[in-house]
Amino acid sequence: MSLFSIVGSDAGVAHLMAVDSDGKLSVKDSVVEASLTSIEAKMDVDNAVFDLMKTKLDEIEVSADALISANHTDLVALESSLSAMEVKQDTQITHLSEIEGAVESLEGCIGSSKVNVNISSGNISGFATEAKQDVMEVSLNAIQSAVEGTLSVSAPAVSTTSSVLKNAVSIATAITETTSSVDLNDVKSMSVFGSLDDTTGSIVVEVSHDDSTFYEKSDVSLYINSNNHFNQEIDVSARYIRFKYSNSSGSAKTWTLISSYKK
């Protein structure tokens, strides 16, 4: 073992520490040895603290990396959204500019609360509507030429036709009396009225297509009221119509019947 002195190198000085052949430090002084042991213990504690600090720092680094990564993703998304908004704003500005121009054009067309429209400086020559109007004019002129002198239009005259079919005719008991027929032609409705002093009797309506064979019109009958009067509106599609009364009262009766229609 080779010894070295802490102070000086004289061989006569007491050596407190020596290094053996393996290079290890050998301490002879108990105080120094205790101090070194204490220092070593504290270094072990410091090492433990440093290890813990390193662990915490590693954890902080991981958390920071995760936070940075997350924030980076969010910032990228935010940047993308802002870019998209910028594009839309540019589009809106373009549209607003177009609308502004259109409104200014309309303002220029408005005068005295009216819209002034200038179509080719007042000339519609060459427009499709002009060609169609020319065709219409030719057609209307042809129609006018075709109908001039051959067609006249006037308000239709409405006339009333009335016929006294029976005028205070006395009909004996047990006798059947029939009126003459009325040619209705294109008449659709007629009125029949008159008097008959037989309040219990009735008047039968008959129709015909040839004024020869007559058929009873079953959907209508003429009844006499307490004043011996009757009145009936009749809708009819047959060409001819007539009326028949059969006296079964036991005494003579007086009959008046008038037909009337408009056409």
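Visitor: Why does Arg-239 count as partly exposed?
Guide: The relative accessibility of Arg-239 is 33%. Buried means under 20% relative accessible area, exposed means over 50%, and partly exposed lies in between, with a 1.4 Å probe and protein chains only. The 33% of Arg-239 falls in between, so the residue counts as partly exposed.

Visitor: What kind of model is this?
Guide: This is a predicted model, in which local features need pLDDT of at least 70 and side-chain atom pairs count only at pLDDT 80 or more, while totals for chains, interfaces and linings use all residues. Residues are numbered from 1 along each chain as its sequence is written, and side-chain values use heavy atoms, leaving out hydrogens and water.

Visitor: What makes Asp-183 and Arg-239 a salt bridge?
Guide: Their N to O distance is 2.5 Å. A salt bridge needs a side-chain nitrogen of Lys or Arg within 4 Å of a carboxyl oxygen of Asp or Glu, so this pair qualifies. Asp-183 lies in strand S8 (residues 182–183) and Arg-239 in the loop between strand S12 (229–235) and strand S13 (240–246), 56 residues apart. Strands are DSSP runs of E with at least two residues, helices are runs of H or I with at least four, and both are numbered from the N terminus. Asp-183, with a relative accessible area of 33%, is partly exposed.

Visitor: How many salt bridges does the structure hold?
Guide: The structure holds 6 salt bridges. One of them joins Glu-177 and Lys-166, whose closest N and O atoms are 2.5 Å apart. That pair links distant parts of the chain, with Glu-177 in strand S7 (residues 176–178) and Lys-166 in strand S6 (residues 160–171), 11 residues apart.

Visitor: Is Lys-166 buried or exposed?
Guide: Lys-166 has a relative accessible area of 11%, so it is buried.

Visitor: How do you know that Glu-206 forms a salt bridge with Arg-242?
Guide: The closest N and O atoms of Glu-206 and Arg-242 are 2.7 Å apart. Glu-206 is in strand S10 (residues 202–208) and Arg-242 in strand S13, so the pair ties together parts 36 residues apart in sequence. Glu-206 counts as buried because its relative accessibility is 7%; Arg-242, at 23%, counts as partly exposed. Salt bridges with shared partners join Glu-206, Arg-242 and Lys-244 into one network.

Visitor: What makes Arg-242 a charge over the face of Phe-214?
Guide: Arg-242 lies at 3.9 Å from the ring centre of Phe-214. The label requires NZ of Lys or CZ of Arg within 6 Å of the ring centre and within 35 degrees of the ring normal.

Visitor: Which residues does Val-204 touch?
Guide: Contact means heavy atoms within 4.5 Å. Leaving out residues up to four places away in sequence, Val-204 touches Glu-216, Arg-242, Phe-243 and Lys-244. Val-204 is placed in strand S10.

Visitor: Which residues is Thr-160 in contact with?
Guide: Apart from neighbours within four places in sequence, Thr-160 is in contact with Ser-260, Tyr-261 and Lys-262. Thr-160 and Tyr-261 are 101 residues apart in sequence and 5.6 Å apart in space, C-alpha to C-alpha. Thr-160 belongs to strand S6 and, with a relative accessible area of 43%, is partly exposed.

Visitor: Which residues form a nonpolar patch on the surface?
Guide: Val-45, Val-49, Phe-50, Met-53, Leu-57 and Ile-60 form the patch, with about 580 Å² of accessible area together. Patch residues have over 30% relative accessible area and no salt bridge; nonpolar side chains (Val, Leu, Ile, Met, Phe, Trp, Tyr) are joined within 5 Å, like charges within 9 Å. Areas come from the Shrake-Rupley method with a 1.4 Å probe, and for residues only the protein chains shown count as cover. Val-45 lies in helix H1 (residues 30–109).

Visitor: What does the secondary structure of the protein chain come to?
Guide: The protein chain has 2 helices and 14 strands. Buried residues make up 17% of its 263 residues.
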